[in-house]
Amino acid sequence: MPPTTPNPANPPLPKAELHLHIEGTLEPELAFALAERNGVTLPYATEDALRRAYSFSDLQSFLNLYYALMAVLRTENDFADLAHAYLARAQAQGVRHAEIFFDPQAHTSRGVPLGTVVEGLTRALDTAGERYGITTRLIMCFLRDQSAESALATFEAARPYLDRITAVGLDSAEVGHPPSKFKEVYALAREAGLKCVAHAGEEGPPAYVWEALDVLGVDRVDHGVRCLEDPELVARLVADQVPLTVCPLSNVRLRVIDTMADHPLPAMLDAGLLVTVNSDDPAYFGGYADDNFTAVRDALDLDEETLRTLACNSFRASFLDEATREAYLKEVEAHGRG
Ligand SMILES: [Zn+2]
C-alpha cells in the first residue's frame, strides 16, 4: 500500500491502534531495500512478483510468507527502519497511539539477538512523539505454535528489557495451541508487572477465549470475533468490559468471514462489547488503521457516531495513563465538530 496522503480538509478520526504486528508492516519496497542492504536473496524477482504473493488464502499460507520475508530483518537499523515506515503511515491514518506487537522468537530462531530487535524498535519508538505525534507501547508476543518452554526462555531472555515492554501477547497459528499451554509464562509476566493480552477466538473456538480470560488473566482479547457463538461468553466480556481488538480487513483476507458485509462488528457493538478496529498485518491484508475504518463504514453502513464510538473505544481499551487517555478522548470528541 502506498502511504495515504492526509487530506487537510478532512483529516482522519484520531484513533489508537492496539493490534498491529510490526513484522506485518513490512511492505515489498522495504523488504527489497533491506534484502539488498543485507545481501539476502528473496525468492521473488521483483516487488510486483512479491506483491502478487501477498494474495494468500488462509492463516497458514499467510504465516509461511510472513516468516520467509523476515529473513531481511537483521540489524538494529533494519528494525528501526521498519518501525519508522509504520509510524509514518500510521500518522497519515490518524493514529495517535500505537501498541505494537513484536515476535522475538521469529528473530532469535534466525540468530538475531533479542536485544537487537528491542533496541532497534525502541530507537524508532523513542522519537515517535516528536516526529509523528504518536505515543507508543511495545507488546512482546510468544509464538503459540512453539513450545511453552521456548516462551519461558524468551521471557527470561527479555528480563533486561522489561522496562521497555508494557505487555505480553500470544500470536501465530491458533488452532491446536490453546492459551492454557502458556499459563506459566503469563503468571511470570503478571508477577513482573506486565499487562497481558492474547489472540483468541479468531480461528479458534470460544473455549480459547474463556482460557485466555480465566487461565492467562488477560486484560484484552485480540480478535475474539468467535465469542458470538457463546452467549455466556459474550455476557462475561460485556460485564467486565474486556476489550476486543477486531481486525476487519484481516478477517476477510484470512476467510474468518466471507465478505466485509458479513462482518459481525455491528452485532458486537449492539451486544455491548468493547470493540476496537485495528489493522493486524497491514502490509499483507490490504490496509492500515483508517483503511479498516473506511472499509467497515462503507460495507456496514456505519454512521459518524458509530465510528466515533469505535475511536473512543480504542483509547479506552489502551494501556495509556488516565490523563493521556482523557486528552485523546477529547480530541475524538472535538473531531469534525468545528
Ligand atoms: Zn494479530
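Strands here are DSSP runs of E of at least two residues, and helices are runs of H or I of at least four, both numbered from the N terminus. The views below come from a predicted model, in which local features need pLDDT of at least 70, side-chain atom pairs count only at pLDDT 80 or more, and totals for chains, interfaces and linings use all residues. Residues are numbered from 1 along each chain as its sequence is written, and side-chain values use heavy atoms, with hydrogens and water left out.

**View 1. T245 in strand β7.** Let's start with T245, which sits in β7 (residues 244-246). Its relative accessible area is 0%, so T245 is buried (buried is under 20%, exposed over 50% and partly exposed in between, with a 1.4 Å probe and protein chains only). The side chains of T245 and H19 are joined by a polar contact of 2.9 Å. A polar contact is a pair of N or O atoms within 3.5 Å; within protein, one must be able to donate a hydrogen and the other to accept it, and residues adjacent in sequence count only if both atoms are side-chain atoms. Leaving aside neighbours within four places in sequence, the contacts of T245 (heavy atoms within 4.5 Å) include L18, R220, D222, H223 and N278.

**View 2. H97 in strand β2.** Next comes H97, part of β2 (residues 95-102). H97 counts as buried because its relative accessibility is 0%. A polar contact of 2.7 Å links its side chain with that of E99. L18 lies 79 residues away along the chain, yet its C-alpha atom is 8.3 Å from that of H97. Beyond four places in sequence, H97 is in contact with residues including L18, I134, R137, F315 and Y328.

**View 3. Helices α1 and α4.** The axes of α1 (residues 28-38) and α4 (residues 76-92) come within 11 Å and cross at roughly 165 degrees. Axes are lines fitted to C-alpha atoms, for helices over the stretch in contact, and angles run from 0 to 180 degrees between N-to-C directions. The two helices, α1 and α4, are therefore roughly antiparallel (over 145 degrees; under 35 is roughly parallel, 65 to 115 roughly perpendicular and the rest oblique). On the α1 side the contact is made by E29, L30, L34, R37 and N38, and on the α4 side by N77, D78, D81, L82, A85 and R89.

**View 4. Helices α8 and α9.** Finally, α8 (residues 148-158) packs with α9 (residues 183-191) at an angle of about 20 degrees, their axes 8 Å apart. That makes the pair α8 and α9 roughly parallel. A151, L152, F155 and E156 of α8 meet E184, V185, L188 and A189 of α9 in this contact.
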